[in-house]
Amino acid sequence: MKNLVVLGGGYGGMKILSELLPNNLPEDVTITLVDRVPYHCLKTEYYALAAGTVSDKELRVSFPEHPQLVIKYGEVTGIDKDEKKVLFQDSDSLSYDDLIVGLGCEDKYHGVPGADQYTYSIQSIEKSRQTYSILNNLGPESIVGIVGAGLSGVELASELSESRGDLKIKLFDRGKHILPAFPDRLSKYVENWFQKHNVEIVNNSNITKVEENRLYNHDQPVDCDVIVWTAGIQANRVVRELGEEMDRSGRLIITPHHHLPNDEHVFILGDCASLPHAPSAQLAEGQAEQIVEVLKKQWNGEEPPTEFPTIKLKGVLGSLGKKQGFGVMADRAITGRVARLLKSGVLWLYKYHNG
């Protein structure tokens, strides 16, 4: 029996499973899915968990069940490509014939002293729970500093402002306008929403140091009761320590077939892979579909496709609390209630299809 090991039950890992199970997996192949928790987590909604507007249970989707699927829980500490083994913190190593690495990402602190020690995160389910606990136990008029005004920072700030209208929220952004990856019209729409909801945007900020309950913007101290970091991501530490060629974000350089240039049996998926688009659930799922095509060809002793079509992304949707939203769909900017309903619909369809 050949063992396909999938590291990470995120969006890409789940798509690998749905493409192969229940009927497309050869009889001589087993799949071992490795994750820290016993369910798939809806990472795109961690901001709502941290803000206290959804329950933990709403963000869980059960892993599938199948006779040829084994699920192993544990913390991956390394990958031995020479021995074809995955190493774990508290258990024996796991051998593989083919390996898909979808371990996701971690916060990137850009060398800011104290940022890793004194800020909270929404990059994992565990860290989002911690952030929820600290935010929702704050007293009235407490100050929350959110560093980073990309999609995660904006969604967290807006959700928290609706959940806890008594808090003072400061959103620190490096640019002249928030959401730099979106059209100017959307950025201005979101900025106007924040103005109406008393969220302070600190533009052109440069966080130079973080201490307990204090950050320094251009070396000037700003006292905060809680600081949440949403100012960048990098590939998982295990991936960065593989010793392979990486891009500036620590993501691994891969071939058009999504495997390492020097190992056709190690595939890099999602946030861990260097791709022309920004990391997203859609991108990971598109990658997963192509990886499965390559695997099927390999298992049949056939050559993989010479090339794949470019992965097409349908768009990006963001929320502004529970009633408003923004996004780009088919290169068209949308705002307001329609955008929020679309995002809710996409989430419902995903849970319905995978749950």
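Guide: On a 1 Å grid over the protein atoms alone, a pocket is an open set of points where a 1.4 Å probe fits, with protein on both sides within 12 Å along at least five of seven lines. This is a predicted model, in which local features need pLDDT of at least 70 and side-chain atom pairs 80 or more, while totals for chains, interfaces and linings use all residues. Residues are numbered from 1 along each chain as its sequence is written, and side-chain values use heavy atoms, leaving out hydrogens and water.

Visitor: What volume does the second largest pocket have?

Guide: About 260 Å³, counted as the space filled by probe spheres set on the points, which are joined across faces, edges and corners.

Visitor: And which residues are closest to its centre?

Guide: Of the 15 lining residues, they are Pro256, His258, Leu275, Pro276 and Gln290, where lining means having an atom within 4 Å of a point.

Visitor: New topic: what box do the C-alpha atoms fill?

Guide: Along the principal axes, the box is roughly 60 × 40 × 35 Å.

Visitor: How much of the protein is buried?

Guide: Buried residues (under 20% relative accessible area, with a 1.4 Å probe and protein chains only) account for 50% of the 355 residues.

Visitor: Which members of the largest nonpolar core touch the most others?

Guide: In this core of 65 residues, they are Leu4, Ile16, Ile31, Ile100, Val154 and Phe194; a nonpolar core joins buried Ala, Val, Leu, Ile, Met, Phe, Trp, Tyr and Cys residues through side-chain atoms within 4.5 Å. Apart from it lies another core of 22 residues, including Val34 and Leu242.
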